[in-house]
Amino acid sequence: MEEIEIAIIGAGVVGLAIGAELAQAGKEVYIFERNDTFGQETSSRNSEVIHAGIYYPSDSLKAKTCVEGNVLLYTICEKYGIPYKKRGKLIVAVSQDETDALEKLFERGKENSARNLKLIGKSELKKLEPYVNGIGAIYSPTSGVIDSHSLMRYFAGVVRSNKGWIVYRTNVVKIEKKSDGYKVMIIEDNKEHSSFRARIVINCAGLQSDKIAELVGIDIEKAEYNLKFCKGNYFSVGNGKNSLLSHLVYPVPKADGTALGIHSTLDIHGRFRLGPDDYYINMDYAGQETHTYPVLDLDYTVDESKKEIFYNSAKKFLPFLELDDLEPEMSGIRPKLQGPNERYRDFVIRDEEEKGFSGFINLIGIESPGLTASPSIAKYVNELIKN
Ligand SMILES: Cc1cc2nc3c(=O)[nH]c(=O)nc-3n(C[C@H](O)[C@H](O)[C@H](O)COP(=O)(O)OP(=O)(O)OC[C@H]3O[C@@H](n4cnc5c(N)ncnc54)[C@H](O)[C@@H]3O)c2cc1C
């Protein structure tokens, strides 16, 4: 049986960033991805925003990796010519209640060391965005947008130009703990079964990372690793309305920190879109056996009936919008650890030594800001391996 040093499951932005970091550090890395190429799931279905790290509880991994990831991403973009735009972001309050919440959010952002935040009043807001409605805002000049596909291509290139391989159309279906690592069973091209031994396994399987943890023998109910899926739709905004904005404009988020609220982004090409909303969807694996790798049927259809909800929600701070400007665009699904009305959950990034699985590193619940945080998460995982 073939023996390898490190197996990474999943070639989304997180698996690729970790692969690049480890390969650059001289490690032998294999990334296994069931799709035809990298980034076909959550990593290409998001807002592509480089967040500053304002929202997350202080001392959380989300806050730390986002703040560090923000700096690292801009450095990578500059150095390797990855398209980005540091547009700056405004979180806009439209009522007195929201101003109080905005001030609290500002304090949290400062505690998290999100860079160069400023609380601004109505007149300064008007100068920055003349067509936006609001009585105050948090201004975050270091927020921006990135071409996430180019970023993933860069990470994949770093993997391949070192001691790293990315193996596509390969589904990891079974994992067994052995005395000196893990036996990993794969199905290639939907037909060839084979297996190899890996000293370290890193689980970056996104929406199915809980199921990968279960495969190795972790009780995911007890560990509270079972994921809930939270869908987000986007609507594009046409009729030349992109010329009326230059920043990313967000509402004041929900108090429980579970979602940022339907916001407006301008991607690197200046395309204007609204979204994502957030609602849990049922995606149970009914009828499928446990301890075998289940099949997930993802429904990315945009629910057009939500058009008016998007319009009414964004109109509060973008008064120039007309219902006819909106067209259904795309959707993404968040792998969330917390279900509706449950306590806030941080990223899980850990070596499962305490559970008897030393050298098995789980990354579970890597929802937003996972794209921004990816280079920082990669450094964190490298440290786990060194230790
Ligand atoms: C609507 C939405 C908006 C978002 N907006 C932002 C944003 O603006 N900024 C930001 O920083 N973050 C954002 N995020 C979060 C960000 O997109 C994710 O955190 C990030 O893409 C997660 O990457 P990943 O590599 O962990 O997962 P994925 O991209 O899902 O990759 C996991 C990979 O594992 C593979 N896989 C799974 N099981 C197996 C198996 N058994 N064998 C082989 N391969 C397997 C899958 O095929 C997949 O390619 C958003 C997310 C959503 C859903």
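**Close-up 1. The shell of residues around the ligand in a predicted model.** The residues of this shell comprise 16 nonpolar, 18 polar and seven charged ones; Ala, Val, Leu, Ile, Met, Phe, Trp, Tyr, Cys and Pro count as nonpolar, Asp, Glu, Lys and Arg as charged, and the others, Gly among them, as polar. In this predicted model, local features need pLDDT of at least 70 and side-chain atom pairs count only at pLDDT 80 or more, whereas totals for chains, interfaces and linings use all residues. Residues are numbered from 1 along each chain as its sequence is written. The ligand is surrounded by 41 residues, each with its C-beta atom, placed from the backbone, within 6 Å of it. The closest are Gly10, Gly12, Asn46, Gly206 and Gly370. At least two shell residues come from each of helix 1, strand 10 (170-178), strand 18 (326-336) and helix 8 (370-386). Helices (H or I, at least four residues) and strands (E, at least two) are DSSP runs, numbered from the N terminus.

**Close-up 2. The crossing of helix 1 and helix 5.** The axes of helix 1 (residues 13-24) and helix 5 (residues 148-160) come within 8 Å and cross at roughly 35 degrees. Axes are lines fitted to C-alpha atoms, for helices over the stretch in contact, and angles run from 0 to 180 degrees between N-to-C directions.

**Close-up 3. The hairpin of strand 10 and strand 11.** Strand 10 pairs with strand 11 (residues 181-188) in the antiparallel sense over eight bridges; pairing requires at least two bridges found by DSSP. Two residues link strand 10 to strand 11 in the hairpin. Lys178 has Gly181 of strand 11 as its bridge partner.
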